[in-house]
Amino acid sequence: MMKKKSVSARKASLVLFLCQMISALDVPLDSKLLEELSQPPTITQQSPKDYIVDPRENIVIQCEAKGKPPPSFSWTRNGTHFDIDKDAQVTMKPNSGTLVINIMNGGKAEAYEGVYQCTARNERGAAISNNIVIRPSRSPLWTKEKLEPNHVREGDSLVLHCRPPVGLPPPIIFWMDNAFQRLPQSERVSQGLNGDLYFSNVQPEDTREDYICYARFNHTQTIQQKQPISVKVFSMDSLNDTIAANLSDTDIFGAKPVTERQPVLLTPTGSTSTKVELRGNVLLLECIAAGLPTPVIRWIKEGGELPANRTFFENFKKTLKIIDVSEADSGNYKCIARNRLGSAHHVISVTVKAAPYWITAPRNLVLSPGEDGTLICRANGNPKPNISWLANGVPIAIAPEDPSRKVDGDTIIFSHVQERSSSVYQCNASNEYGYLLANAFVNVLAEPPRILTPANKLYQVIADSPALLDCAYFGSPKPEIEWFKGVKGSILRGNEYVFHDNGTLEIPVAQKDSTGTYTCVARNELGKIQNEVHLEVKDPTMIIKQPEYKVIQRYGQVSFECVIKHDSTLLPTIIWLKDNDELPDDERFLVGKDNLTIMNVTDKDDGTYTCIVNTTLDSVSASAVLTVVARPNPPFDLELTGQLERSVELSWIPGDENNSPITNFVIEYEDGLHEPGVWHYQTEVPGTQTTVQLKLSPYVNYSFRVIAVNEIGRSQPSEPSEQYLTKSANPDENPSNVQGIGSEPDNLVITWESLKGFQSNGPGLQYKVSWRQKDVDDEWTSVIVANVSKYIVSGTPTFVPYEIKVQALNDLGYAPEPSEVIGHSGEDLPMVAPGNVQVHVINSTLAKVHWDTVPLKTVRGHLQGYKVYYWKVQSLSIRSRRHVEKKILTFRGNKTFGMLPGLEPYSSYKLNVRVVNGKGEGPASPDKVFKTPEGVPSSPSFLRITNPTLDSLTLEWGSPTHPNGVLTSYILKFQPINNTHELGPLVEIRIPANESSLILKNLNYSTRYKFYFNAQTSVGSGSQITEEAITIMDEAMASRQVDIATQGWFIGLMCAVALLILILLIVCFIRRNKGGKYPVKEKEDAHADPEIQPMKEDDGTFGEYRLFSFVSSAPF
């Protein structure tokens, strides 16, 4: 609720003015509407206030205006009416107020100098232009003058005055020589703002006779030239010589050299000066000083800082330039000229004044009859401008009275206006530096509502975005606007809608159900009008699979996806950008329906890729970064520093890491002295390190190279560093892997690994080989050899130990004393066989053999172990010629027993034992015979079932391939199988061992039986063999079935039954072949023969197995 306050009548009128200003009508910029509405004149174009014209061309003074009806134009000149009809040289353009003054056909521009003002008038008021001051440009010639030559002493200052003729506008000044070349300027020689040429100090090279000042008048495009000025610079030496030739006894000037002088200001003069500049202009302050050496100029603002971003220094800092000055730039500016002898300064007091400038310019006002309104005219300046009002170009004090109008300083208040109140008002703001003139009309209109938005206009928006439905309108008084949805809908209200002052209906968040027809109604007291518009809300476009960040190796292939979902009525277009620019014109870039593929990726493809999806209503985008990685570029600029005898520092500059950080650097070296062209690994350092201290060996001509490594791989090697040859020295180390092993019973072969070239540490690498028999008081025997890695000592005893050492030496001396190793002279075959060989048979397939060790002296070499040779002589159950296989078991070390596995039961075997050393085997022990006991037999070789009848089957079989003893009998078990594959009772029959067939009788007809058959020895039963068979069908039943079978109905039934049985048989057969087990089979598997289980090795005495074979011709 508003609080009540008592206010004066003046303040009340101001409040009223503010309220009415808000309610004033706005006229839409609709061309058709503007053509129909009455409107006071408005000046649209005019010439500048200060109009300098070319006196050689026609003068065109512009004045254009608009209004309804179209305005008429008139002019004043110097404050009085300018009757253009009385001057044949002056014409006005048709339908325009622009004047054309014909100068080219005899007129003179000077005759038309003056102040012109244009008035545009119609029945609603009159608008006026600015006062346009017409002045023809002038480019007068230089007055003739006699210029004396300037004789100047070297080091003195000099000013060459230009003093150009006063022109309009002022000319542009520059200095040139006779060849039309600009004279060079510097800190010492420069042109001032007034056009004069200043020399801080003259030098002999300044002597010339063609210093010419030029003035260029741009309006007339002419250049005026001053008479050339001559300058002659003389030195003290040349002056003394001239005087001495005439007055030999007089020394006027003395013989002093050029005298240095402290700075003195040439311009401005004195210690202080003032400067007035207008707001918005460019402030130019100048200081030029004389002195030797040439002074340097510096600028400061007393009590403040020079304005940033608006301050510039020109003419070698002699000119301070501040653009767009404001009142804040007023103050004291000090220039300081300084050289090594001292300084001079000058203070310029700057005052910034201001011509009038607008704060609030008056604006056109459209009112309805009876409404209120205001015109405001506010301006500022320094000094503060005076505000005056005019009505239709006449001072408001003498203008016709209007009861609805009241002037209150810079404001005109209108109350209850009528159509006759329409006028154009002018506001003039002026001070001593200029003026502002603005036209603003008051147009009082009475118009019924009009809707300017086209009928049935279709709006389409995306769901969840704002919808703006236009209802541009006009009327006077201002119409009220209402919106309806649908043909018979109620008026729209509520928070879900926003109603704008210009008639627009805003739906902040449009949904699919917002689709429909909307009606806009405009009404005022003069009438009512309505208009329909239509809204369609579309589904938004979405990127449902956006491109993702990719890291790809150089020359690989990469693909970005951009899968979209959109409204079916909108047609999307997909555009791909790289780094916010078009894709490169390259055939490697393949744009698919919903992806972008880049083939053979290169480094320049690195960047951000953006998928932009556009429809007529919306646009969405998604971006992803592509990082192209590769092996690093090789390091470069390798440098060796700090060279010492055993070390050097290597440094390098890494190459480009190609988007994959360098993890480490590998340093390699080449020995150009011993292995040129071969590079060896030296060391490696972390990727953050670019220097390394390297350990060196003597007598190596080093070159180094560096390889950078990242996750992608290794770079190419860098260029090799410079070579560095280290000094020679004694060897640091001796050969490695020294051994002494005899190759013959009477020699000792000493071998070693030779030193590499860089290990030699100097020229003349040799080896001192020394040896002596161990545990014998002998002296060392030595020999020096070169270029070999083996030495043979002959005439040694068989297999005796020797102490051996090999020492490196070169031309500078010996390596440190080497360590000793123990070797042996050559071996010979053992001399004796093992004795007391015994065999203990453990079971039918395993035996244990014992022997006594031989004396070590008879081994004559390194004892490696014992070999047991054994072979099967005969089977005790079968007599036949057979292929004999000799088997060998080796038992490492000094063993005295071993296990013989895999023997055949009920067989006779022989064996012998031999000792083994590095040379070979010794003599064999006498053959030892042993026999294995009986075992269980193998399965019968076959089982056949033949001659099936109604109640009998015939069985035939073959004896086991390996009886493994004396067969005692055969065991036959059988049982019936019904149609559901269930097993019947089991029947067992024992058969003598000498039988090979059997007829089973009293069986059931048409029945399947399963048979289990195996052999037995006294040890037990062997593995069994199985078979199945079926007895045949009864003959009588078969004949009855034949009778039945003659019936047609039965034939079909039997066919179906037969097919079903066939299917069942196939299933049974498949199941059986896949290992399906009957209960008896499972029982057999559960009671497997214990003698065929795998045997465990007894305390590691099973030896290495070898097989030899031979054929025995003796019968067993």
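Predicted model: local features only at pLDDT ≥ 70, side-chain atom pairs only at ≥ 80, totals over all residues.
## The chain as a whole

The protein chain contains seven helices and 86 strands. Of its 1116 residues, 41% are buried. The accessible surface of the chain is about 60,300 Å², and carbon and sulfur atoms account for 51% of that area.

Contacts can also be sorted by separation along the sequence. Taking the contacts between residues at least 6 apart in sequence, 66% link residues at least 24 apart.

## A three-stranded sheet

Three strands make up an open sheet, arranged in the order β40-β44-β43, with antiparallel pairing. The strands at the edges are β40 (467-469) and β43 (498-499), and each of them pairs on one side only.

Strand β44 covers residues 505-507 and pairs with β40 through three bridges, in the antiparallel sense. Within this part of the sheet, Ala467 lies opposite Ile507 of β44.

Thr504 belongs to the loop between β43 and β44. Is Thr504 buried or exposed? The relative accessible area of Thr504 is 8%, and the limit for a buried residue is under 20%, so Thr504 counts as buried.

Which residues does Thr504 touch, leaving out those up to four places away in sequence? They are Leu468, Leu469, Asp470, Cys471, Trp483, Val498 and Phe499. Among them, Leu468 and Leu469 fall in the range of edge strand β40 (467-469), while Val498 and Phe499 fall in that of β43 (498-499).

The side chain of Thr504 also forms a polar contact, at 3.1 Å, with the side chain of Asn502.

Key. Residues numbered from 1 in each chain as written. Heavy atoms only, no water. Pairing = 2+ DSSP bridges. Helix = DSSP H or I, 4+ residues; strand = E, 2+ residues; numbered from the N terminus. Buried < 20%, exposed > 50% of the residue type's maximum accessible area, 1.4 Å probe, protein only. Polar contact = N/O pair within 3.5 Å; in protein donor to acceptor, adjacent residues only side chain to side chain. Contact = heavy atoms within 4.5 Å. Areas by Shrake-Rupley, 256 points an atom, 1.4 Å probe, with all protein chains shown as cover.
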